[in-house]
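Have your viewer open and follow along.

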Amino acid sequence: MGWQRNLSIGNFTGAFKKSKWLLSDNAGLCRGFSAMAKPELPGFDYQPKPYKGPLADEVLQKRKKYLGPSLFYYYQKPLNIVEGKMQYLYDESGRRYLDAFAGIVTVSCGHCHPDILDAITEQNNLLQHATTIYLHHAIADFAEALASKMPGNLKVVFFVNSGTEANELAMLMARLYSGNLGMIALRNAYHGGSSNTIGLTALNTWKYPIPQGEIHHVLNPNPYRGVFGSDARCYAEDVQDHIDHGTSGKVAGFIAETIQGVGGAVELAPGYLKLVYDMVHKAGGVCIADEVQTGFGRTGSHYWGFETQGVIPDIVTMAKVRGTNLNVSYTYS
Ligand SMILES: Cc1ncc(COP(=O)(O)O)c(C=O)c1O
């Protein structure tokens, strides 16, 4: 994993050195790899603009002085990224990096894609803001286009500003609709960092010691490292157990990512959601699919992650990729 992570960004030098070490128990492979030329980025016909702004040290000092310590950064000497073009980023010295991170699965069409820039510029020159108390065709057109990608009765779109807000709204809707309070979420899940969604999130690195609401964190149906392997039925029984013994027998809803993202790209045991959705519906709750990291074809095989489990949720939340780093998120119901 260490060398894979290194490969995802930068000039590959770290990856090269570490890989030799990692593969050293296989002498033949190691010799072959050592003899390989240092990997180079492929050619790219683009010249970054000369950068005249503040350098990394100055930016870092200013961040430390004026921004809260919760804004952490990677590396002791973090990169000062000053320009982006499609799949590449450039630092202050003009050095090019392959952006395999894509702003944490956000920049789906690449950096500064000309079509996106043109659309933004055209709209900015025409009208920059209108509230929803007047009419503008764009919001209705966009909702229609989004709804056309959804199966079943998922046809109504609520626009919000982030994935966290989408999950906040989904939880609120589940509680108001069902008249119940308890939510069920998976261990190892990430659903946001606001005071309510922190309750749904189940990774101690992303939680604070504040009231978390009535949330039941059930066993993570991790097919590789989970206690029941890929046996979806056993994990689903844990959900029923929580409903029977940890609630009044009624719940507001169940939420799950269809592949856990922040938790480490963890899939769910095959068939799990179908079993759990039935249990949650019988307990009066609604089923929410968090597609913030998996939606819009990012799983490769399906447009929506939940399709891999053969279910149709009652509510779907999404963010990041659709706005291509603009603030656009959705709750579908
Ligand atoms: C699965 C999932 N849900 C919700 C969120 C929260 O989204 P945002 O950071 O836009 O608030 C994230 C963010 O990483 C996420 O990965």
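## The big picture

First things first: this is a predicted model, so every value below is computed from predicted coordinates. The chain has 333 residues, and buried ones make up 29% of them. On the secondary-structure side, you get 11 helices and 12 strands.

## The nonpolar core

The largest nonpolar core counts 46 residues. Inside it, the residues with the most contacts are Met-183, Ala-185, Tyr-272, Val-276, Val-280 and Ile-288. Two or more core residues come from each of H8, S5, S6, H10, S7, H11, S10 and strand S11 (315–318). Helix H11 puts in the largest share, with seven residues.

So let's look at H11, which spans residues 272–282. Its buried residues are Tyr-272, Leu-273, Leu-275, Val-276, Tyr-277, Met-279 and Val-280. What lies over them? The cover includes strand S5 (183–186), helix H10 (232–246), strand S7 (253–257) and strand S10 (286–290). Just past the helix, Gly-284 takes a positive phi of about 85 degrees.

Skipping neighbours within four places in sequence, Met-183 is in contact with Met-171, Ala-174, Leu-200, Glu-214, Ile-215, Ala-252, Gly-253 and Ile-255.

## Around the ligand

Which residues come nearest to the ligand? There are 16 residues around the ligand, and the nearest of them are Ser-162, Gly-163, Thr-164, Gly-192 and Val-292. Helix H8 (residues 163–178) is the top contributor to this shell, with three residues.

Sorted by class, the shell holds eight polar, five nonpolar and three charged residues.

## A stop at His-217

His-217 sits in strand S6 (residues 215–218). Is His-217 buried, exposed or partly exposed? With 18 other C-beta atoms within 10 Å, His-217 is partly exposed, because buried would take 20 or more and exposed 12 or fewer.

Leaving out neighbours within four places in sequence, His-217 is in contact with Ala-185, Leu-186, Arg-187 and Ala-202. One of these, Ala-185, is among the residues with the most contacts inside the largest nonpolar core. Leu-200 is 17 residues from His-217 in sequence, and the two C-alpha atoms are 7.9 Å apart.

## A three-stranded sheet

Strands S1, S2 and S3 form an open sheet in the order S1-S2-S3, with antiparallel pairing. From one strand to the next, the twist averages 30 degrees.

Now for the pairings. S1 and strand S2 (residues 88–91) are joined over four bridges, and Ile-81 stands opposite Asp-91 in S2. The hairpin of S1 and S2 has two residues between the strands, and Met-86 takes a positive phi near 50 degrees there. S2 and S3 are joined by three bridges, with Tyr-90 opposite Arg-96 in S3. In the hairpin of S2 and S3, four residues come between the strands, and Gly-94 takes a positive phi near 85 degrees.

Most residues other than glycine have a negative phi.

Tyr-75 has a positive phi of about 75 degrees although it is not a glycine. Tyr-75 lies in the loop between helix H4 (56–66) and S1. Tyr-75 has 8 other C-beta atoms within 10 Å, so it counts as exposed.

Ala-265, also not a glycine, has a positive phi of about 55 degrees. You'll find Ala-265 in the loop between strand S8 (259–260) and strand S9 (266–267). Ala-265 is exposed as well, with 9 other C-beta atoms within 10 Å.

Definitions and conventions
Residues numbered from 1 in each chain as written. Predicted model: local features only at pLDDT ≥ 70, side-chain atom pairs only at ≥ 80, totals over all residues. Near = placed C-beta within 6 Å. Nonpolar A, V, L, I, M, F, W, Y, C, P; charged D, E, K, R; others polar. Contact = placed C-beta atoms within 7 Å. Pairing = 2+ DSSP bridges. Axes fitted to C-alpha atoms, helices over the stretch in contact; angles between N-to-C directions. Core = buried A, V, L, I, M, F, W, Y, C linked by C-beta atoms within 7 Å.
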